Amino acid sequence: MSLERSDVEKIAHLARLSVSNDELDAVASDLSNILNLVEQMDQADTEGVEPMAHPLHMVQRLREDRVTEQDQRELFQSIAPFTEDGLYLVPRVIE
Amino acid sequence: MYNKTISELARGLRAGDFSSVELTRTYLKRVSSFNSGLNSFVTVCEEQALQEAELADQRLKGGHTSLLAGIPIAHKDIFCTQGIKTSCGSKMLDKFVAPYDAHVVSQFKQAGAVMLGKTNMDEFAMGSSNENSFYGPVRNPWKESAVPGGSSGGSAAAVAARLCVAATGTDTGGSIRQPASFCGITGLKPTYGRVSRYGMIAFASSLDQGGPMARTAEDAAAMLQVMAGFDGRDSTSAEAAVPDYSATLGDDLRGLRIGVPKEYFGGGLDANIEASIQLALNEYVSMGAELVDISLPNTHLGVPTYYVVAPAECSSNLSRFDGVRFGHRCSEPKDLEDLYKRSRGEGFGAEVKRRIMIGTYALSAGYYDAYYLKAQKIRHLISDDFRAAFNQVDVIMGPTAPSTAFGIGEKADDPVTMYLSDIYTIAVNLAGLPGMSIPVQPVGGMPVGLQLIGNYFEEAKLLNVAHRLQQETDWHSASPAGFE
């Protein structure tokens, strides 16, 4: 598997990561090498094998439906880059 | 004082030979003397440590029973610590002060342990050399120009250099065992679910597991005793009962069946390391254990499979870093997409970005079956290999890593070569089994680790097997020159 610059641009967009034009070739080469390593998986015959979701095949534990957390909005917003009136601020989305 | 084990120190504290404050000052002094060279701590909590030590001294006078009371330890900077910077080795979290404690951290607080500080690590635990830290590489106490291993390299170096009695680490593909091997210490990755992941910053949630890093198996048992147990705040926390890990340390090993997988020998393994491993195996034979040749035929698929599962899960976990709620935010974003892309582009280092992109690609439309689903199927095959082996043997042994600690910069430019340094440790995480690394005979003056792999929830057995070797040999007590 060999990725082109355009593939990297597409993946970086999906991952919401800025990658500069100067980096594209190096990133394409690194990712291609990793995918070549990954493709060794093709040697394995997995016909009829169940995918493993949990090492001990445990099922999701459910908890009782009751309130256990107290409101800590101020504490959690104190570490946010920008807040106002209890809201997280981002650039305007709708003009 | 700093060469004593946890139980020796606990006795000294209770006998009044020294106080926790004195012990803590001794360690803080060592940290300030040696850390500028090693770079093993990213944060030192001098004031808080001394307060905790004073409190521990009071509790000890009141008859506090935990072995860890008053003992100075360090936490890997992946564990959230309330009111203290928790960076995860990343620029993204360089200014992040955690609003709560990780389960593991609060367990140690309850036990009365003293936290000296937070240790350096590969960014978001992604790496095998500690070169991926925003705060610069950690140096190996055995050789300045060598890496300490990763990702828990800061913890491993700090324990080896006696800058703390013991430390916590996390292991997603070998991140406790490989640095333990490179730095000549004892490290244990427990069964998946044994130690709560609450407040432990997530990398690959189906593989991540916290565990102890210490100088002896006996100390690792004391640490694990504090860390292990059910926690309702981690949805995959195991409800299995926690045994007394110290009680069985001295159990006799006569009749122990040790599986020696042929896939872990030959190939890329350094011949001198193979000889060291063989020497340790012979010790076990002389203690009455029996060696059994076994095969783990899908071992070669471990690394490729891991590099689908771990990046896929990391791309999902790290999507929370959006520049909005916490962490790095770019300046003057022109719109929401620019905010996301530049905050993430600036906040994450090269390896983290590579893994996010590999994961994003593997999970993207049209590729899921070929990558993630295929990987989860192979995980089943790898897991079945171990199940079959444990029908025949009690414990599996082999090398922890194919080489001793390599040089800083030696593999930094080639991600795939770096990935292969975890070739013997990765399958254990894919199967969710417990694994350990303990020091055996060094090669060329550098530490070598023997890996022990146990069946699910058999940490006590691993600790027993490790402890017995440490009673018969003194490889674990060697200390790096200049740090004795």
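This is a predicted model: local features need pLDDT of at least 70, side-chain atom pairs count only at pLDDT 80 or more; totals for chains, interfaces and linings use all residues.
In which sense do strand S2 and strand S3 of chain B pair, parallel or antiparallel? Strand S2 (residues 72-76) and strand S3 (residues 114-119) of chain B run in the parallel sense, with five bridges between them. Within that pair, Pro72(B) is opposite Val114(B) of S3(B).

Staying in chain B, there is a backbone detail to look at. The peptide bond that leads from Gly150(B) to Ser151(B) is cis, and its omega is near 10°. You will find Ser151(B) in the loop between S3 and helix H5 (153-160) of chain B.

Now to the contact between the two chains. On the chain B side 69 residues take part, and they are in contact with 52 residues of chain A. About 5,100 Å² is buried between the chains, and carbon and sulfur atoms give 71% of that area. How many salt bridges are there between chain B and chain A? The count is one. In that salt bridge the side chain of Arg354(B) meets that of Asp30(A), at 3.1 Å from N to O.

Which parts of chain B touch chain A? The elements that give two or more residues to that side include helix H9 (302-317), helix H10 (336-347) and helix H11 (350-363) of chain B. Helix H12 (369-392) of chain B is also on that list, and H12(B) gives the largest share, 13 residues. Sorted by class, this side of chain B has 37 nonpolar, 16 polar and 16 charged residues.

Over all chains, the salt bridge count comes to 19. One that lies within chain A joins the side chains of Asp25(A) and Arg5(A), again given as 3.1 Å from N to O. Asp25(A) is in helix H2 (residues 24-38) and Arg5(A) is in helix H1 (residues 5-14) of chain A, so this pair ties together parts 20 residues apart in sequence.

Last item, also in chain A. Asp85(A) has a phi near 50°, which is a positive value in a residue other than glycine. Asp85(A) sits in the loop between strand S1 (83-84) and strand S2 (87-88) of chain A.

Notes
Residues are numbered from 1 along each chain as its sequence is written. Chains are lettered from A and ligands numbered from 1 in the order in which they are written. Side-chain values use heavy atoms; hydrogens and water are left out. Contact means heavy atoms within 4.5 Å. Buried area is the accessible area (1.4 Å probe) that two parts lose on being put together, summed over both. A salt bridge is a side-chain nitrogen of Lys or Arg within 4 Å of a carboxyl oxygen of Asp or Glu. Helices (H or I, at least four residues) and strands (E, at least two) are DSSP runs, numbered from the N terminus. Ala, Val, Leu, Ile, Met, Phe, Trp, Tyr, Cys and Pro count as nonpolar, Asp, Glu, Lys and Arg as charged, and the others, Gly among them, as polar. Two strands pair if DSSP finds at least two bridges between them.
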